[in-house]
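Subject: Structure handover

Hello,

Here is the structure I promised to pass on. Please open it alongside this note, and read my findings with it in view.

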Amino acid sequence: MASSLSRYRRRITSLTSTLLRARLFSSLPVAKPNASDDPVCDHAPLFRSPEVRVSTLLNGIRVATQSSSSHMASVGVWIDSGSRFEAPGTNGTAHFLEHMIFKGTRRRTARSLEEEIENLGGRLNAYTSREQTTFFADVFRRDVPVAIDVLADILQNSKFPDHAIKRERGVILREMEEVHGQMEEVIFDHLHEAAFHGHPLGNTILGPEEIIQSISRSDLQNYIETHYTGPRMVVSAAGAVKHEEIVDMVESLFTRFARTPTAAAQLAQENPAVFTGSEVRVDNEDMPLAHLAIAFKGSAWTDPNSIPLMVIQSLWGSWNSSVGVGNCSGSQLARRVSTDNLAESMMAFNTNYLDTGLFGIYATGMPNCLHDLSCVIMQEITRLAYEVSEAELVRARNQLKSALLLHIDGSTAVAENNGRQMLTYGRVIPFLELFARIDAVDTSTVKETAKNFIINKDVAVAAVGPLSKLPHHEWFRSQTCSRTT
């Protein structure tokens, strides 16, 4: 593993030097699948990307901005807090708090808060994940000060009235019913339970009904006081913004956040996630399709293996029968699944956390195809440890870079990308560097990474639907055994 990473780092250094020379002198050569030397794509247009500027305030809050010519702006607060950091017996508090943060402050009622943003033609929203919580607004250029004032107000002065807490219980329980009808959400909750059994990462974000019914104002206040601290917060703005103005506004308005030194990474280190490699099966013969997720322990955000695993995800690809493309797909897994009509859909996934990750395949298919589908998936998963062609690798790298660029289309996406990267990496990685890291992944890197993360490793399986044809968990684990020569 050390030799692979050393070689990978040398390739990064070499490719970064090449890209920097190209920045100064000429555009880069376009990669060709049959090129004998290391292919390097033309990333010159990315050098014109607006600069990301970062400032750190005295209370530890980081402010990241990326300006562009636009009439609109996006500004939000990204916080290193989520369901993973909830105290025992309070699962669901982080998400409950996301709801309650909009229910009125000392200066604004819930209705006036909603009307204030709507009257500006803006949008105020939030989301909670297992490790992060985000509150953001999209507004016209002239209304950025109002958006920042609203964000500062709701995060520092929310009242959490009892009548609103009672009402939100019902709202969240109805939301839970809706989520239970979205099988992709259900499967990945079950997958986390199988992969991190007994650890907060294995809990759902919404929490169980009995805890939702018991969450109190003190639970919400304790959570926000404990986890909403300056060093764990990033204010990210993009679009029609000026860095100095954003910094000044945040400095004058975000004044009540403690500079508590305890970081999310430290909390994760104190209670590390352990991959358990088990399964969760929910038999339901009334469902027309079976839903199946197969996962391995992945990498943390800052693990050097994170980029090779992203490339592996791209190699596996995705496919949906409703789209009608599959036989001509560059993904061998997609071609096999579509040609043999083994599934309705399949997609590779790769999720990173502070100290671990999950990567694998999620598929839906007819019940009578489950065994054959499982065989093909496991064959293609393990194949990459022994063989991968240069042509399919070039395709995967190009598709990964394309997906990353599409992900930052618009000021909202840019602000989200920058805020998330500031939390996970402590900086915003330039595309020059990120693409050099992707281009440094060669076939040897893919094979060695696959061997280290897949071969002879435990498997987490989650499945819902008619499952009589689905192999047992022991069978999935046996498919990862190293090949005999």
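Let me begin with a sheet. Six strands, in the order β1-β2-β6-β3-β5-β4, make up an open sheet with mixed pairing. Its edges are β1 (52-56) and β4 (123-128); each has a single partner strand, so one side of each is left without a neighbour in the sheet. On average, neighbouring strands here are turned by 15 degrees against each other, direction ignored. Bear in mind that this is a predicted model.

Next, what packs on this sheet? Helix α2 (residues 93-100) does, and it touches β4 and β5. The direction of α2 makes about 170 degrees with that of β4.

**Strand β3 and its partners**

Look at β3 (residues 72-79). It pairs with β5 (residues 133-140) in the antiparallel sense, over 8 bridges. Ile79 of the pairing faces Thr133 in β5. Val77 stands opposite Phe135, also in β5.

As a general point, strands of a sheet pair through backbone hydrogen bonds, either parallel or antiparallel.

Is β3 enclosed or open? Of its 8 residues, 7 are buried, so the strand is largely enclosed by the rest of the structure.

**Aromatic residues**

The count of aromatic pairs comes to 13. Take Phe296 and Phe359. Their ring centres are 5.9 Å apart and their planes are at 35 degrees, so the pair is tilted. An angle under 30 degrees would count as stacked, and one over 60 as edge-to-face.

Where do the two rings sit? Phe296 belongs to strand β8 (residues 290-297) and Phe359 to strand β11 (residues 357-365), so the pair ties together parts that are 63 residues apart in sequence. Phe296 is buried, at a relative accessible area of 0%. Phe359 is buried as well, at 1%.

Another pair is Trp475 with Phe476, which is edge-to-face. The centres are 5.0 Å apart, with 85 degrees between the planes. Phe476 counts as buried, with 0% relative accessibility.

There is also an aromatic cluster, formed by Phe102, Phe135, Tyr223 and Tyr228. Phe135 is the residue that stands opposite Val77. Elsewhere, a charge sits over a ring: Arg232 lies over the face of Phe85, at 5.3 Å from the ring centre.

**Helix α15**

How far apart are the end C-alpha atoms of α15? They are 20 Å apart. The helix covers residues 411-425, and at 1.5 Å a residue its 15 residues should span 21 Å, which agrees. As for burial, 13 of the 15 residues are buried, so α15 is largely enclosed by the rest of the structure. Gly426 follows the helix, with a positive phi near 80 degrees.

**The whole chain**

Finally, some totals. The chain has 18 helices and 12 strands. Buried residues account for 56% of its 485 residues. Among contacts with a separation of 6 or more, 81% join residues 24 or more positions apart.

Over to you.

Best wishes

Technical notes:
Residues numbered from 1 in each chain as written. Predicted model: local features only at pLDDT ≥ 70, side-chain atom pairs only at ≥ 80, totals over all residues. Heavy atoms only, no water. Pairing = 2+ DSSP bridges. Helix = DSSP H or I, 4+ residues; strand = E, 2+ residues; numbered from the N terminus. Axes fitted to C-alpha atoms, helices over the stretch in contact; angles between N-to-C directions. Contact = heavy atoms within 4.5 Å. Phe/Tyr/Trp six-rings, centres within 6.5 Å; stacked < 30°, edge-to-face > 60°. Buried < 20%, exposed > 50% of the residue type's maximum accessible area, 1.4 Å probe, protein only. Lys NZ or Arg CZ within 6 Å of the ring centre and 35° of its normal. Expected span 1.5 Å × (residues − 1).
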